[in-house]
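Dear colleague,

Here is the structure I promised to pass on. My notes on it follow below.

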Amino acid sequence: MAPGVVMPRSGAPPNEFEGRVTIYVVVCGIIAATGGLMFGYDIGISGGVTSMDDFLEKFFHKVYLKKHHAREDNYCKFDNQGLQLFTSSLYLAALLTSFLASKTCTRYGRKPTMQAASVFFLVGTVLNAAAVNLWMLIIGRLLLGVGVGCANQAVPLFLSEIAPVKLRGALNILFQLMVTIGILVANLVNYKASTIHPSGWRLALGLAGVPAAILCIGSFIIPETPTSLIERQELDQGLSVLKKIRGTDNVSLEYKEILQASELAKEVKHPFKNLRQPSSRPPLVIAVLMQIFQQFTGINAIMFYAPVLFQTIGFKNDASLLSAVITGTVNVLCTIVSIVFVDKAGRKILLLSACILMLIAQTTIGGVLHANLKATNNLNHSVAIVVVVFVCVFVGSFAWSWGPLGWLIPSETFPLETRTAGFSFAVSSNMLFTFIIAQAFLSMMCHMRASIFFFFSAWIVAMGLFVVFLLPETKNVPIDEMIERVWKLHWYWKRYMDDDDKLEKIERGG
């Protein structure tokens, strides 16, 4: 233990660190969060591009013919494994990359990992925009996936570690806000690019390089986090950066807490192995379940394929893209709601309120489609508008809750010694289940039809129970005091902390 550092007792008030929200921290947060802009743009662009006739005719001719077949089944016209692989291959690459990115975050820092993310994303963008065959598309998507895996590992950690404790939630949610802005921008680009023939899809895919270039250039401006610097024994530089981002020289208490956490982290030679310890189980289980539940709300199924979904219910191509723009706008505005309230109302109330509204939206959409959309008809226009309205309710609810908090909570609950390793499990779990949904959704919709929305509804019920009984509140708890202030006080998870204490006593011979 570092000299002069006293850990707070369970039940004692948390340490109050000095400092203010500086313009420098906000700028650094915005620059780093452009990693989310890359991710969001890709989520939005892939669904729009795969609904463009020029793109389908060139790379997926069978889908193009099925789409324009007069009596093709509404639910099955886009069911094609190759088309789904175009979307989902990125997430498979991101899944595998997240574990390597965990090691680079620890060994080299959060900043170089973000720089690597931007470079891979730029190369992948060039391949996609210049693609002349399906394999160029897939390889480009895989490189984009490497970039996403690196960015999604490094950016939330960076934001949590530079943020003042009382605004950690709001600053971290900048990542998700940028994801939603990326989706909206992609929808706007799709809407315009769909009118440019025959190469509008190239423009849409090529513009993914813009957020990657911003992150690449911006990463030379932002500092490394104090936590990462101190963890790698660059103590003077870590102290200097901490003073700069807090806007005060009186940071000794926070510095000592980070120093103590880094000393404990040094004792852990194999962080992935250490995740098997009982005390690591609560944050690890929470992190993985947050990602599973985030994906099984059905959000990415809707955001990936919003234009395709709206075409399925009877909108023409440009109208379906415009509807996707509307949902993208709702997504951005409701993420701002989360930024305003996450550090005031807390994490749990946002999650639970969203579960109620998402359940209503999914069951309503499923009921309307089950009653009105058959194999070969189009929905009545007024009924189709109802579907769009409830899609917006669903997207808005997700945007203030499971979207941003799915990244925030895992990034703030691990102790330093397992933070990058633990968060890599969160990222990889997210990418795994994003891959599964992206690869399976169109086929599921073909076979399950409107019942797919009831499938996601059942998951939302499970999510609500999880929040009520197993998810602790982490509002205003310093990031390096989670064990004492959260896990040791939780009615269920404290038993794993007790197990660790017993093991420690046995090892000491007591």
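Helix α6 covers residues 134–162, and its 29 residues should span 42 Å at 1.5 Å a residue (the expected span is 1.5 Å times one less than the number of residues). The end C-alpha atoms of α6 are 42 Å apart, which agrees. Helices here are DSSP runs of H or I with at least four residues, strands are runs of E with at least two, and both are numbered from the N terminus. Because 23 of the 29 residues of α6 are buried, the helix is largely enclosed by the rest of the structure. Buried means under 20% relative accessible area, exposed means over 50%, and partly exposed is in between, with a 1.4 Å probe and protein chains only. At the start of α6, a side-chain oxygen of Asn133 comes to within 3.2 Å of the backbone nitrogen of Trp135.

This is a predicted model: local features need pLDDT of at least 70, side-chain atom pairs count only at pLDDT 80 or more, and totals for chains, interfaces and linings use all residues. Residues are numbered from 1 along each chain as its sequence is written, and side-chain values use heavy atoms, leaving out hydrogens and water.

Next, the aromatic rings. The whole structure holds 22 aromatic pairs (rings of Phe, Tyr and Trp, the last by its six-membered ring, with centres within 6.5 Å; planes under 30 degrees apart are stacked, over 60 edge-to-face, the rest tilted). Phe99 and Phe425 have ring centres 5.4 Å apart and planes at 85°, so this pair is edge-to-face. Phe99 belongs to helix α4 (residues 81–107) and Phe425 to helix α21 (residues 416–448), so the pair ties together parts 326 residues apart in sequence. Phe99 is partly exposed at 29% relative accessibility, and Phe425 is partly exposed at 27%.

For Phe293 and Phe466, the centres are 5.1 Å apart and the planes at 55°, so the pair is tilted. Phe293 lies in helix α14 (residues 281–296) and Phe466 in helix α22 (residues 451–470), so parts 173 residues apart in sequence are tied together. Both Phe293 and Phe466 are buried. They belong to a cluster linked by ring pairs, which also includes Trp402 and Trp459.

Last, Ser338, which lies in helix α17 (residues 317–341). At 0% relative accessibility, Ser338 is buried. Leaving aside neighbours within four places in sequence, Ser338 is in contact with Ile173, Leu350, Ala399, Trp400 and Pro404 (contact means heavy atoms within 4.5 Å). A polar atom of the Ser338 side chain lies 3.3 Å from the backbone oxygen of Trp400.

Regards

Terms used:
Polar contact = N/O pair within 3.5 Å; in protein donor to acceptor, adjacent residues only side chain to side chain.
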